[in-house]
Every structure is written in C-alpha cells, then in structure tokens.
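Please open the model in a viewer and keep the sequence at hand. The stops below are meant to be selected in turn.

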Amino acid sequence: MTQPLVTIVDDEPEIRRVLTDALEEAGFRTQSFARAREFEAALKRVTPDVCLVDLSLPDTDGLALVHRLALEQGAAVIIISGRAQVQDRVTGLELGADDYITKPFDPAEVVARIRARLRSPRQQTSQSDVAMFNGWAAHFDRYVLIDASGAETPFSHAEGEVLRLFLDSPKRLISRSQMQEALGGAAGDSFDRAMDVRISRLRTKLGEDPKNPRLIKTIYGAGYIFLGDVEWR
C-alpha cells in the first residue's frame, strides 16, 4: 500500500528538514518546497494527501495559496505559521484550511494532526463519491455540487468534509464536540467560527434561506441536523 504523500511549503530550510525527518520516520512520503511556484508546478504531476503551508512565503501570499488549494485540490491543507493571533487562525480556517499549527511546534504534534486529518470522514466513509439528495448531487471526486438543472457549484475540501459528515449521518443530531472529534480540529473559538463559516457557505451554495434553512438545521445549544434524504452512488 502506498504511504500518504505530505508536501511541505516553507522557505526556512531547517523547518523543512525537521518536518521531513519527522514525517518520514512516521512512515509518510514527503516533498518539500521553498517557493510556492515550485510547489504549484509539482501539483501538475502529483496530488499530495496533505499540504503543510507556511503563510510567510517569499513569492506569494500564503493565505491566497491556501485558498486556491482548498478550492482546487483534493488534499487536506494545514497551515504552519509563526502568526499566532486568533484572527490569523480564523482567517486561515475561513479560507479553507483544515487545521492551523503555530510555530514553534513539536514535530510529533504535526504528525498527530496529519494522522487526524487522514482519519477524517473523507477517508473513512463509503467508497462512493456521489451523494444524491433533494435534487442535488454532491460529487466528492470533483468537489462540485450539481443542481437539478445541471449547473455546477464548486466547494472546498474543508466544506466537503463538513458536507460529507452531514450526508453520512442524515436526520441525526451532530454536536459541536462530535464535529471537532470527527474533523480533527483543535477545539476552541477558532474551530467553532470556522464551522459556522463553512456551514454558512454550504447553505448559500445549496440555495438555503439563511433565516429558515430546510436542509441544514441549527439546533441551538446542541448542534446541527441534516434533514435531506441521501442516496450514495
């Protein structure tokens, strides 16, 4: 069985070395890049399972790169940054990152966070990649929603994880703590804010009335329930 591939995008050689050593010792394959353009060129040849991205890159805005990866790639995206402010964490998660680790870090924690991402619903659930519900088709192989008219709306990897969590457990209450455990994020205000944003975006893409959503219902103080009838194909 091929081991998961983790890419490291960071302009600090020592950071790349430390992460490469820890990940390869843990059994992962790795690729590392000092520049975003080198990394993006490599994406034309291979798709990693997890991308570790620093925000302070010399040739591009790291947040812009995270956003593109979240929308265009099937990989999980984990930010590794010296920016420790809450707003930086929230912004990164809102733009589609799956997790956020601040420098300095323990390499063992990075390995554990990556393993948590790879245990997420995207890897654990049904082998089917298409879910049909209420006139919609969610294609997880292409990260698009298709409505009854055939119009396509893309969704990010992070939004897809939340959507798949709902579609795998329709008509069942999913609490915040269950979401945190299933999606592997660090509990706290930034995780809650990120979930709120992702759910809001999913509702918008599904044409939901924000004041009275029909599919993704908020049960205040308890969590969420997905009310659609789901068929996997």
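Over how many bridges do strand β6 (residues 130–133) and β12 pair, and in which sense, parallel or antiparallel? Select both: the pairing is antiparallel, over 3 bridges. Strands here are DSSP runs (E, at least two residues) and helices are H or I runs of at least four, numbered from the N terminus; two strands pair if DSSP finds at least two bridges between them.

This is a predicted model, in which local features need pLDDT of at least 70, side-chain atom pairs count only at pLDDT 80 or more, and totals for chains, interfaces and linings use all residues. Residues are numbered from 1 along each chain as its sequence is written, and side-chain values use heavy atoms, with hydrogens and water left out.

Next, select A131; its bridge partner in β12 is W232.

Move to strand β3 (residues 50–53). V50 and L52 point one way and C51 and V53 the other, and all are buried (under 20% relative accessible area, with exposed over 50% and partly exposed in between; 1.4 Å probe, protein chains only). Strand β1 (residues 5–9) pairs with β3 in the parallel sense over 4 bridges, and V6 stands opposite V50. Strand β4 (residues 76–81) also runs parallel to β3, joined by 4 bridges; there, I78 is the bridge partner of L52.
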